[in-house]
Every structure is written in structure tokens, then in C-alpha cells.
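Here are my notes on this model for your first read-through. Keep the structure open beside them and find each element as it comes up.

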Amino acid sequence: MKKIGMACLACLLTASAVWGAGSQEAQSEKTRLILWDQYYRGVESTIMDGLVQEFEAENPDIDIVRETKTLDDLKLVLKMSVESGTGPDIMQLNQGEADMGAFVKAGLIVNMNETAAKEHWEEIFSEATLKAMGYQGDYYGIATTAEVVGFFYNKKLFKQLGFSIPKTFKELEDILAATKKAGYTPINFGNLDGWTGIHEFSALQHVFTTRTELDDMMSGKTGNFWTADANRKAATKLQEWVKAGYFTKDFSGIGYDDSANMFFMGDSLFMLTGNWLMGEMLENAPFEVGFFLFPADDAAHLKAIGGPGIPFVISSKSEHPEEATKFLNFLASKQTAKAWADQMMLPAQTVSASDYQDSPQLYQDILRAYNDINKINGMGYYIDWITPTFYDTCAAAVQQLTALEITPQKFVEKLQADYNSYYPAK
């Protein structure tokens, strides 16, 4: 505040009146937070607009200026803008070594460990979900949505062939064999894009490994985790399924979107993919579709690919970390979870399927699957997060594995070599 020099009484009175008005005006000024997110699509953007308005109504002293960007645009400009101090206060930042890992190492985002403890985040999210919203054991953000990968299935064909939901891996394999024998495609699959093959391998890997083994592989610690027996067995099983003809013919030349359209034709039983395809299933499938998780012979091994969506984090350059923290805690609230669930999106928090009995059965199936896996701390990972190059390495290696060009042992050695290149033995 400016210093007031000594002057006549009239001047002092006038100045007093002016400064009093100025004080009131300053008190009415709002804290302005810049928010960057990638919810630019119709329904998602509408939900975020509504959440911002709710937060502002509860916190009238805070004004949020929201800007939407594609994920590619965020990757392109986010780090540079934050480093220069011209970036947002709050932003969505992808998990994994290439994105969140780089920001953490550069000191560009706020560590939320104290907030997590104070606000009891461990009571709101499962342990696995919390881990996946952070980096190497520390908490950094809050995700509003989640993803879970499982089997969508053709209920009409399922009933026709006399099947029930498999509870074990053996029961699943019995269904695959019977479906093939009946002249149908057991698993609809297209691997031209590469990432879908990662899911096929990883789904097997998740139910062949223990919780500890899977966590070790995704830990960044030194060790030969990727050449472990469980991974080699998963790779062997994937090749066995290829040889048995359990996948769509010529799958290596079929893209993901085309494979989805092929599923809608009705001559395949399963499609292994994430809940993000639910809307298309409801809109385009001429038959009723169900959803269940990849089963395991040992209940202790039951885990599912997936986890929270892209978390919101706070820039370390923000001048308003307290207000930004308020917004992150709001995103962790039940009202935020309900806002997403009411629009048939899967929230990062679990919500009861019984509260959505008027929703399509497929959405209820997905909610129950997500709730069930979180109850046993069985949410796993997208394994391509672990190093900046792991996606490319794994996608190419799975394509070679499923083309029967390399052995399972050679496959796991390729994954281990990539891991070692980033986390070398000390």
C-alpha cells in the first residue's frame, strides 16, 4: 500500500474515504485460477463446465478460467508453458515416466502427500487408484474418471451357445474352445494399431502375476521383473491362443475401429477392450452386450488393466496453491463422482450400481466390475507407462509375438531390455 504523506485535515479525510473504498474493492476481488483440461468432447465438456460452476458457487472468492485442449496439444505446449511461468495453475497431466515423471523431476508440479493425508484420500480411492494418480509412491493429482478393461460379450450368442460368465481362467478357455468349435470367432481382435495387442498380452499378464510381481514391474526399481516366469507364461499363452485360432482371422491387418464394427456383425463372442467403447456398443450393436472382467484361476491373482483417467495436478509456479488445492479436493468429492456417473461415465471413485438401476444394464455391469476389482485392490496398470519408450517397444514386440516371429522368451527379453535402458542396475 502507498504511504500517505502529512497534509491538511481535509486531504486526510478525502484520502481516508478513497482508501476505504479501495479496500472494499480489493476485498471483493476474486482469485483467478487458470485450468487446462482435455475434456473437449460434448458431454465431457458439459460436465466439466457444470463442476466449475458448482465449485465457484461454493467458493465465491475464486474464479476459474477453463481452457480445453486436445491431449496432443497438452503434450506439445504444457511443459514449456509451465517452465516459463505462463502456464495454467491446474492442468491435466498424463501419468507415466514420459509426462508426470518428467514434471516431477523438473519440480514443476506440487507434491500432494500432505493434502492426501489431511483430506483422507485413502478413504475415497482404492490404494491402486491412488498410486496410479501419482508417481513412484508420491501423490500428485486427482482424476475424475476411470477406465477398466474387460470382455464385452454378445449376450445373444452367449445364450445360444449355453454359456455362463466364467469365474476362472480354465472356464474362460473352455468357452473359447467351444466357441471356435461351433464355428464362431471367440475373441474379436484387430492389432494394426499396436496398442490393442498390448492389452491382449497385459490382460493375461495381470491374472498370471501376483499383486507384488505386477507392482514391482511398474515400480522403476532395479530388477529382472519383466523376464519373470509369469510374463513368459502369459506370452506363451497368447501364442497358444493365436495358434488355436481364437482371434479374428488376419487380425494383424485390422484396425481398432474396424474390429469394433466387425464385432457388431454378431459372429464373434468377445471383444477385450475398455469401458470407453460402451457408448458405441449401446448405439451400434444390434444385440444386447454385457461386460465382465478377465477371470483368474486364483482369486488372489485377479487384477484388471485400467485405472484412473488423466489426473489434475497443480503447477509449482502457481501463485494460488491453496485455492488450487481446494479445487482438487472438490474433484475428489462425491458430488463430482455423481456428476460423471449421472452421464454414464465411469468415475474414479466407486459408485453403487444400485443407484443406477434405470441405466442400461451394460453400464451397471461396468460399475459392478469396477467396484469389485477396487474392493480387492485389484486395479492394475497400462504397462506402457513405465518408460518413455515402452509403448513402442511393447507394441512392436507383441506384433512379432502374435505373428509367431519370436519366442515368448525373446519377447520378455525385449521388454526387460527396454526397462533396463531406463532403470539400469546400480
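1. Start with strand 6, residues 268–274: 7 of its 7 residues are buried, so the strand is largely enclosed by the rest of the structure. Buried means under 20% relative accessible area, exposed means over 50%, and partly exposed lies in between, with a 1.4 Å probe and protein chains only. Helices (H or I, at least four residues) and strands (E, at least two) are DSSP runs, numbered from the N terminus.

2. **What you are looking at.** This is a predicted model: local features need pLDDT of at least 70, side-chain atom pairs count only at pLDDT 80 or more, and totals for chains, interfaces and linings use all residues. Residues are numbered from 1 along each chain as its sequence is written, and side-chain values use heavy atoms, with hydrogens and water left out.

3. **Partners of strand 6.** Two strands pair if DSSP finds at least two bridges between them. Strand 4 and strand 6 run antiparallel and are joined by 5 bridges. Here F151 stands opposite L272 of strand 6. Strand 5, residues 185–188, runs parallel to strand 6, with 3 bridges. In this pair, I187 stands opposite F270 of strand 6. Strands of a sheet pair through backbone hydrogen bonds, either parallel or antiparallel.

4. **Strand 7.** Strand 4, residues 146–154, also pairs with strand 7, in the antiparallel sense and over 4 bridges. F291 in strand 7 is the bridge partner of F152. In a regular strand the side chains alternate between the two faces of the sheet. Which residues cover the faces of strand 7? V289 and F291 lie on one side, G290 and F292 on the other, and all are buried.

5. Four strands form an open sheet with mixed pairing, in the order 2-1-3-9. Strand 2 (62–68) and strand 9 (312–314) stand at the edges with a single partner strand each, so one side of each has no neighbour in the sheet. From one strand to the next, the twist averages 25°. Strand 1, residues 31–37, pairs with strand 2 in the parallel sense over 7 bridges. T31 stands opposite I62 in strand 2.

6. **A helix across the sheet.** Helix 2, residues 42–58, lies across strand 1, strand 2 and strand 9. Its direction is at about 170° to strand 2. Axes are lines fitted to C-alpha atoms, for helices over the stretch in contact, and angles run from 0 to 180 degrees between N-to-C directions. Contact means heavy atoms within 4.5 Å.

7. **F327.** Find F327 in helix 15, residues 321–331. Is F327 buried or exposed? F327 is buried, with a relative accessible area of 0%. Not counting residues up to four places away in sequence, F327 touches L35, M48, V52, F55, I64 and I90.

8. **Helix 4.** Buried residues in helix 4 are E97, D99, M100, G101 and F103. The buried residues of this helix pack against helix 3 (71–84), strand 3 (90–92), strand 9 and helix 19 (408–422). Look at D99: its relative accessibility is 14%, so D99 counts as buried. Leaving aside neighbours within four places in sequence, D99 is in contact with K75, L93 and N94. After helix 4 comes G107, whose phi is positive, near 70°.

9. **A buried loop residue.** F247 sits in the loop between helix 12 (229–244) and helix 13 (256–263). F247 counts as buried because its relative accessibility is 6%. Leaving aside neighbours within four places in sequence, its contacts are T185, I187, F189, E200, L238, W241 and V242. The C-alpha atoms of F247 and L108 are separated by 44 Å.

10. **The whole chain.** The protein chain has 19 helices and 9 strands. Its C-alpha trace spans about 100 × 55 × 35 Å along the principal axes. Of the 426 residues, 52% are buried. Among contacts with a separation of 6 or more, 74% link residues 24 or more positions apart.
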